[in-house]
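Here are a few friendly notes to read alongside the model. Have the sequence and the structure open as you go.

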Amino acid sequence: MTSPASWRLLPPDLIELQLGQIDLLLAMYPEDLVLEESSQIMIETLRSLGDGVAIEDVEEISTAPSIPMLLRLSISSETASNQNIELDLVVPFTYECDKQPDDPPQIRVRLRQPSWLSRSATNQLMVDVPEDEDLLGIIEHVKEAAAEQLNKASQAAEGQVPSPSTGNLVRVWFYFPSISTRSKRDDFIIHAPSYALTGFLYAGKPGLLCVEGDSQSIDDYMKFIKTESWGDIPAHHKKVSERYRETKDVERVFPDMTEITDLVGERRGQRANRGDMKAMEEWLVERGLGEAFTKVLM
């Protein structure tokens, strides 16, 4: 039996390097690295090739061999209880070109979306990993970035007021014809603390976003949401318009950035996505913001 034309098995020295990385992970994370039985069998099969066994004599290698693993990591934060993240790792043992490589192929790493992080934030975290990082560097980068995101989410949830900005405080109101997707909604809450912003999001048809903070910080925040956080969303799903910007004698009304969709009024419509605008108006009037409701929604 010979290797199919679509792939070639790595030479013995590179196979040994790949196996060495697996052994290192097993040593570093003995309780946290999960290997299926089939992967363990394949590892031993690949080890046997280093003992002079030819690939033609190994029945187990009929398809391009790779070793999938699951790495569970505990993430700690200064302000939140520990959370876990899970990394899917795949160690390849083949190459797809005619020229034999000098180095083993990179181990593929994918972060599974944790319950406390939005899909877009999860994707962005992996996009931000430096291209030249080795496996251990990638793992450490993901841990640190995830801890930072957890810390921001915890601060928002606990209502910690961000440090005052150096610019004049403004309050800006944004209108959405519709906003319902959970990941889109989460992005506004998760990223607001890093821009020292407070306010609220009211999702549905229509949707309303109120943001308090430095004018430039608000502009940067919305630019990030539109171009980075929502980068994989079609343009026609990203409709949002600024309706009103308060700039004179503005003082913070809200201690943090939070979503109030399920806290104000009753949901209507076939999918319960129609907001109760009368209840929203009353809620804003109670906070001295009744004028804004008229300017934004009337």
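**Notes on the predicted model**

1. The accessible surface of the protein chain is about 16,100 Å², and 46% of it belongs to carbon and sulfur atoms (Shrake-Rupley method, 1.4 Å probe). This is a predicted model, in which local features need pLDDT of at least 70, side-chain atom pairs count only at pLDDT 80 or more, and totals for chains, interfaces and linings use all residues. Residues are numbered from 1 along each chain as its sequence is written, and side-chain values use heavy atoms, with hydrogens and water left out.

2. Of the 298 residues in the protein chain, 46% are buried (under 20% relative accessible area, with exposed meaning over 50%). The chain holds eight helices and eleven strands (DSSP runs: H or I of at least four residues for helices, E of at least two for strands).

3. Two backbone spots have positive phi without being glycine. Ala-196, with phi near 55°, lies in the loop between α5 (182–191) and β8. Asp-249, with phi of about 55°, sits in the loop between β10 (241–246) and β11 (257–259). Are these residues buried or exposed? Ala-196 is buried, at 16% relative accessible area, whereas Asp-249 is exposed, at 71%.

4. Please look at Pro-206 as well: the peptide bond from Lys-205 to Pro-206 is cis, with omega near -5°. Pro-206 belongs to the loop between β8 (198–202) and β9 (207–214). For background, most residues other than glycine have a negative phi, and most peptide bonds are trans.

Technical notes:
Buried < 20%, exposed > 50% of the residue type's maximum accessible area, 1.4 Å probe, protein only.
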